[in-house]
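Trainee: I am new to this structure and would like to go through it with you. Could we look at it together?

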Amino acid sequence: MRTGFSLPQFAPMDRQFDQLARFAREAEELGAGSLWVGDRVLAALDPAVGYGGGTTIPPELHAALDPFVALSVAAAVTDRALLGTSTLIAPWYPPLLLARSLTGIDVVSRGRLIAGLGSGWSPEEYEGVGVPWKERGARLDESLDILESVWTAAPVPRYDGAHHSVPAAHIGPKPVQRPRPPVYLSAFSPASQRRAARRADGIMPVAFVTPGGSYDPAATVTAPLRDLRRLAEAEGRDPAGVGAILRINVAAGSTPRDIADVVRRTRDETELDHVFADLVYLVDQSVDQALDLAGQVLELSR
């Protein structure tokens, strides 16, 4: 089982963002199989949609280091750990620039990028980046079109969409991974599930770990993956060609053993071989604490 961890990218670690390289290097030495970033630009004071269905956005998300900066730093100081995004909000970015940034990370890491993409949940963040909220689905589809073309075609043919155009051009470098880096999509609505079935290498289900809570691998992993493969087959794809990586969201007060239990049960009761844990609600401004937690999870889940 490949077990990864989120990089120290969010507010609890903002006084030690300069220690991100040390975390990445030492987490890999401990045995972390992957390192992950998320994507936030602001935390609205009066959000139309709060985090996790609530009415506010927690202080842990009030500051965020740029995900491309964080992954580039991690790529420079590691050799084996995969480098993932969970998730980049693709509609925020001009697709050609998104392709350049992701390709650069894949190239400098010698082929370790996992591109996890989604459309997000915060209307205020869309307002902040100047992208209409109602266009998010269409813009995500165009981003996927352009990424595919930039990554796989030489030269790249002209693309004309409702929101983006790319002239016919030579665009390089190409990613190290061929034909392209794996693309995983968020799939929590019927429309996003259909998109993932048509276009993705997999989905990223989420397990929520709370003190004394329960985890159901069948409901969290097996059922969504079965549904994805059924939809993929209906699209004419090989259902065996799509998979999943489990994200473990860890609530405050949870223990390394709680996380390790989810890792072990996922390994033993599903076909997944890759999980990662977001430790943002367990750390308090200390890279050393984050590394200690990661080490405990890895040891307890063996």
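Trainee: What do the buried residues of H2 pack against?
Mentor: The buried residues of H2 pack against helix H1 (20–30), strand S2 (34–37), strand S3 (82–85), strand S4 (88–89), H3 and strand S5 (113–118). Contact means heavy atoms within 4.5 Å; helices (H or I, at least four residues) and strands (E, at least two) are DSSP runs, numbered from the N terminus. This is a predicted model, where local features need pLDDT of at least 70, side-chain atom pairs count only at pLDDT 80 or more, and totals for chains, interfaces and linings use all residues. Residues are numbered from 1 along each chain as its sequence is written, and side-chain values use heavy atoms, with hydrogens and water left out.

Trainee: Which residues of H2 are buried?
Mentor: In helix H2 (residues 67–77) they are Pro67, Phe68, Ala70, Leu71, Ala74 and Ala75; buried means under 20% relative accessible area (1.4 Å probe, protein chains only). Seen down the axis of H2, these residues fall within an arc of 160 degrees, so they line one face of the helix. The arc is that of the directions from the helix axis to the C-beta atoms.

Trainee: How do the axes of H2 and H3 cross?
Mentor: They cross at roughly 15 degrees and come within 9 Å. Axes are lines fitted to C-alpha atoms, for helices over the stretch in contact, and angles run from 0 to 180 degrees between N-to-C directions. H2 is therefore roughly parallel to H3, a term for angles under 35 degrees.

Trainee: Which residues meet there?
Mentor: From H2, Phe68, Leu71, Ser72 and Ala75 meet Leu98, Ser101, Leu102, Ile105 and Val108 in H3. By class, this contact has seven nonpolar, two polar and no charged residues. Ala, Val, Leu, Ile, Met, Phe, Trp, Tyr, Cys and Pro count as nonpolar, Asp, Glu, Lys and Arg as charged, and the others, Gly among them, as polar.

Trainee: At what angle do H3 and H5 pack?
Mentor: Helix H3 (residues 95–108) and helix H5 (residues 136–152) pack at an angle of about 50 degrees, with their axes 9 Å apart. Pro95, Leu96, Leu98, Ala99, Leu102 and Thr103 in H3 meet Ser143, Ile146, Leu147, Val150 and Trp151 in H5. The residues of this contact comprise nine nonpolar, two polar and no charged.

Trainee: Changing topic, is Leu246 buried or exposed?
Mentor: Leu246 is buried, with a relative accessible area of 0%. Leu246 belongs to strand S12 (residues 246–250).

Definitions and conventions: Buried < 20%, exposed > 50% of the residue type's maximum accessible area, 1.4 Å probe, protein only. Parallel < 35°, antiparallel > 145°, perpendicular 65-115°, else oblique.
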